[in-house]
Amino acid sequence: MSEANRNISILCIGAGYVGGPTMAVIASKCPDVKVTVVDINPERIARWNSDHLPIYEPGLDDVVRSARGRNLFFGTDIVAGIQEADIIFVSVNTPTKMFGTGNGMAADLQYWEKTARQIRECARTPKIVVEKSTLPVKTAQAMKRILDAGNHQNRFTVLSNPEFLAEGSAVNDLENPDRVLIGSDATSEGLAARKKLVDIYARWVSRDRILTTNIWSSELSKLVSNAFLAQRISSINAISALCEKTDADISEVSKAVGMDSRLGSKFLNASIGFGGSCFKKDILNLVYLCRYYNLHEVADYWEGVVRINEYQKERFVVNMLGNMFQTLSGKKICLLGFAFKAHTGDTRESPGIFIARRLMEEQAELIVTDPEAIENARQDLAGAQGNIRYTEDPYEAADGSDAIALITEWPQYASLDFERIFRSMVQPAFIFDGRNILDHQRLYEIGFNVFPIGKPALTHFHDEPDMTA
Ligand code: UDX
Ligand code: UDX
């Protein structure tokens, strides 16, 4: 352990999906470092202090339990937290701005700036301020200007340390990261602050995986990493539409493409579209930055990734409508899963939200099931016009329905008793597999009309004229 890091006190402002797990892992790996997480939302903090954490992440309960009360604390006293800390991580949300210039595109930095001002007002000793939230490149400059305004010159050093954890595997991603990225400026204060943070991560991450860069590269790399990941999904989803027209099979194409070691096989699963709080927000943020710098061709290129994603979600609904005889009115549709991906209860930007709303526009009745996301689904669909029911039991959800639309790739859905489900459904029974995780041939043999993504449909209507084309 580095002598310099003994008795360091860390504060994180923002106890969300990023701040909470990140600080829990730092605390568990560095028992001598005091880690405090604060938030303006007292209910969220109360849950971090309870047995029922505010987010579901495999392994997180154990990590929190091992450190909470020892060197990990959750609270609401932001002022005291700022005064005590040596290093302050800022992990408040930076949603897409929904007003004025940059409406629907730019990052809304109001919480970020408010937090910077609060740090400046409350701090009595020098602080290292770490950008954990994903931010537009050059935010550190604005941060520094705010922090240094007035009589507080040079007491703050700003670092960028973006988080690359993915939900559902957050604890593993934090414990075994591909890389930790730390950006700083090249001044002696910047380099000294950077070393302090490197030494903390080096407790459990090998130094060759701790990458140090200039601060703008670090800020930009986070946006670009998410844009590249999302781009791969939009690329494969675009090709899935072509597969459906040409009898090619997207799983076979994806495998053939992914076996090229230059490309790699990850993030090539065709789907109903990507969701989650980051991809769309970060790409739009990148697009906005490009437009700001008059790089319109570059902006158009990246905007295409989001456009294909919207197209893929709409295509899924249009496909359901077309294949269910052009009317969904009064039909019962079971949404199998609602989280934006498996192993999380998070539904932010879940394709399920869009699909549910569109199906209700078509006057379908919905039954939503998910093992972890029912609470969030209720909130997302509150106020939507129409008939929706919720249950955690997939069999109850499918009972009496005309169609199943698989939204989330929960592994347990692949091993459901589909014979039982088929018998409980209205005939003809339809299944639309938005994640290609089911055994389509077997479902067809049971009697379902099966519609995967990017593969030929398997239907029992072969001998009848196609009235829907
Ligand atoms: C957020 C950002 O969305 C993301 O861009 C960034 O990379 C990390 O922080 P996440 O942790 O998923 O991601 O957000 P969220 O779960 O909404 O948590 C943010 C927390 O900050 C909330 O609990 C909110 O109450 C808190 N907050 C917000 C403050 O404590 N102070 C504020 O002024 C605003
Ligand atoms: C992402 C990044 O992976 C992470 O590094 C960053 O810090 C935050 O944003 P997350 O949003 O939690 O993480 O989930 P991710 O696993 O990337 O999935 C995003 C969406 O893409 C999900 O809706 C997922 O279902 C979808 N997806 C992913 C596909 O549709 N196909 C794939 O092949 C992979």
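1. Helices here are DSSP runs of H or I with at least four residues, numbered from the N terminus. Keep that in mind for the element numbers below. The model is predicted.

2. Start with ligand 2. Helix 9, residues 215–246, gives the most to the shell around this ligand, with three residues. Which of the 19 residues around ligand 2 come nearest? They are E167, N269, S271, F274 and G276. By class, the shell around ligand 2 holds eleven nonpolar residues, five polar ones and three charged ones.

3. Now ligand 1. There are 23 residues around ligand 1, and G14, G16, Y17, V18 and Y111 come nearest. Helix 5 gives the most to this shell, with three residues. The class make-up of the shell around ligand 1 is seven nonpolar, eleven polar and five charged residues.

4. Helix 5 also has a helix partner. Two packed helices are described by the angle between their axes and the distance between the axes. For helix 5 (residues 110–122) and helix 6 (residues 139–148), the angle is about 35° and the axes are 8 Å apart. The crossing of helix 5 with helix 6 is right-handed. On the helix 5 side, the contact is made by E113, A116, R117, I119 and R120. On the helix 6 side, it is made by M143, I146 and L147. This contact has five nonpolar, no polar and three charged residues.

5. Next, a sheet. Strands of a sheet pair through backbone hydrogen bonds, either parallel or antiparallel. In this open sheet, six strands run in the order 11-10-9-12-13-14, and the pairing is parallel. Why is one side of strand 11 (388–391) and of strand 14 (449–451) left without a neighbour in the sheet? Both strands stand at the edges, and each has a single partner strand, so one side of each has no neighbour there. Neighbouring strands of this sheet are turned by 20° against each other on average, direction ignored.

6. Look at one pair in that sheet. Strand 10 (residues 365–369) pairs with strand 11 in the parallel sense, over four bridges. V368 stands opposite Y390 in strand 11.

7. Two helices to check against the strands are helix 12 and helix 13. Helix 12 (residues 296–323) lies across strand 12 (403–406), strand 13 (430–433) and strand 14. Helix 12 runs at about 165° to strand 13. Helix 13 (residues 351–361) packs on the sheet and touches strand 9 (332–336), strand 10 and strand 12. The direction of helix 13 makes about 160° with that of strand 10.

8. Two backbone details deserve a look. Most residues other than glycine have a negative phi, and most peptide bonds are trans. K138 is not a glycine, yet its phi is positive, at about 90°. Where is K138? K138 sits in the loop between strand 5 (127–131) and helix 6. The bond joining Q427 and P428 is a cis peptide bond, with omega about -5°. P428 lies in the loop between helix 16 (418–424) and strand 13.

9. Last, the whole protein. There are 17 helices and 14 strands in the protein. The C-alpha trace spans about 80 × 50 × 45 Å along its principal axes. How does the radius of gyration fit a compact globule? A compact globule of 469 residues would have a radius of gyration near 23 Å, and the protein has 24 Å, which agrees.

Definitions and conventions
Residues numbered from 1 in each chain as written. Chains lettered and ligands numbered in written order. Predicted model: local features only at pLDDT ≥ 70, side-chain atom pairs only at ≥ 80, totals over all residues. Near = placed C-beta within 6 Å. Nonpolar A, V, L, I, M, F, W, Y, C, P; charged D, E, K, R; others polar. Pairing = 2+ DSSP bridges. Axes fitted to C-alpha atoms, helices over the stretch in contact; angles between N-to-C directions. Contact = placed C-beta atoms within 7 Å. Left-handed = near helix turned anticlockwise from the far one by under 90°. Rg over C-alpha atoms; globule rule 2.2 N^0.38 Å.
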